[in-house]
Amino acid sequence: MEALMILAGAGALVAGWVWLVVATMRRSVSKMLLALFFAPLTLLLRGMGYPLGPRLLMLVGSLAMVAGGALLQQRHPDRVQELLAGHWLDEPGAAEDLRGTIMGQPFRPNRILWRGDDLVFEEGTGDRVRRSLTIRFGNARELLLESSVERLPSDEGLWPELVLQWHTGALSEPGLRRITDNYSLSLDFRGGQQGQTAGRIHLHLPTIHSTWLTGEIPPLTLPQWMTERSRSDTLVLQPRVEAAARSAQSVRPVPAWRELSLLAMLDEPELFSGSVVRLTTWSGRTHEGVLKQLSEDKRLVLALPRGADQVELHFHPLDIRQIEERITPR
């Protein structure tokens with residue numbers, strides 16, 4: 001809106017200026033030179049014989065530019081400073097599909113990177129950061145070993161914390177806030193080239209923070225510890241997979257699956273504890289592991305092997321589309 005008013009006003013001013021010069025070409029040389037080089041001054045001159053039409057057009061264009069500039073200064077003071085400093089365009093590399101708000105301010109990150117255990121989204125030019133959102137996985141590293149991170153505001157346990165930074169004025173320090181709970185996060189990762197990953201994020205904070213972020217995450221270089229852990233897991237799992245394949249070829253049991261009742265599992269979870277199950281979510285993801293007892297908040301707990309370790313995934317019943325038990329024929 002503000003940019004449109006400024007552009008339209010500039011166009012009207014230029015059109016009125018040219019119109020005024022053409023209209024005064026047959027008048028005296030002094031009047032024509034005044035119209036050519038100082039046309040806006042003719043708005044203040046009366047009785048000089050200048051036509052009214054082009055002067056009114058220049059007046060309307062000037063008012064539109066002033067109004068648009070005032071709105072831009074009010075809503076985006078940092079952008080005005082960037083324009084006055086000659087930074088007409090944002091730094092290249094902005095993710096076109098990634099958008100949101102931070103404390104009510106529009107947020108279009110143009111720098112996305114891993115910084116240690118932190119996934120950082122920054123908006124700025126050069127070394128200056130206008131707004132940023134940081135997801136800190138320092139206390140929840142194990143979440144990054146899965147292809148997705150799903151969190152609801154009521155979920156308990158170890159989850160990443162959020163750090164918000166936003167613009168508060170040209171002469172004041174940026175706003176800074178740390179969020180540890182009551183937010184929802186859906187973060188999906190997909191493999192890219194070696195040592196890289198891309199993905200998609202949906203993040204929403206409570207209304208009081210006026211903050212959200214959604215869109216595609218471009219390919220990013222993984223932090224060193226994730227690359228080393230991925231290689232380690234591959235080396236540990238490969239011999240086990242090969243041994244399991246050889247054993248399967250010798251015995252040749254063909255596992256079958258039978259669908260279970262989700263309501264029955266919620267009513268009598270002890271009957272199904274220890275079963276090997278295949279769980280499919282409404283988002284289309286499939287997880288296979290050992291079923292454990294229900295958590296305190298009535299979520300299904302699935303244990304999955306991760307190298308020498310074991311990871312437990314918690315699923316809300318409403319997120320489960322189908323659950324099946326593995327049956328190995330004798």
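Entry 1, the chain overall. I started with burial: 37% of the 330 residues in the chain are buried, meaning under 20% relative accessible area with a 1.4 Å probe and protein chains only (over 50% is exposed, in between is partly exposed). This is a predicted model, where local features need pLDDT of at least 70 and side-chain atom pairs count only at pLDDT 80 or more, while totals for chains, interfaces and linings use all residues. Numbering runs from 1 along each chain as its sequence is written, and side-chain values use heavy atoms, with hydrogens and water left out.

I then looked up the surface, and the accessible area of the chain is about 19,600 Å², with 58% of that belonging to carbon and sulfur atoms (Shrake-Rupley, 1.4 Å probe; for residues, only the protein chains shown count as cover). For secondary structure I noted six helices and 17 strands, taken as DSSP runs numbered from the N terminus (helices H or I, at least four residues; strands E, at least two). Of the contacts with a separation of 6 or more, 51% join residues 24 or more positions apart; a contact is heavy atoms within 4.5 Å.

The mean pLDDT (the predictor's confidence in each residue, 0 to 100) is 80, and 80% of the residues score at least 70.

I found two of 30 Å³ or more. A cavity here is a set of points on a 1 Å grid over the protein atoms alone where a 1.4 Å probe fits but cannot get out, and lining residues have an atom within 4 Å of a point. Points join across faces, edges and corners, and the volume is the space filled by probe spheres set on them.

The largest has about 40 Å³, lined by W114, L119, F189, T197, A198, G199, I217 and L220. Strands β10 (196–204) and β11 (212–221) each give two or more of these residues, and β10 gives the most, three. By class I get six nonpolar, two polar and no charged residues (Ala, Val, Leu, Ile, Met, Phe, Trp, Tyr, Cys and Pro are nonpolar; Asp, Glu, Lys and Arg charged; the others, Gly among them, polar).

Conventions
On a 1 Å grid over the protein atoms alone, a cavity is a set of points where a 1.4 Å probe fits but cannot get out, and a pocket is an open set with protein on both sides within 12 Å along at least five of seven lines; lining residues have an atom within 4 Å of a point.
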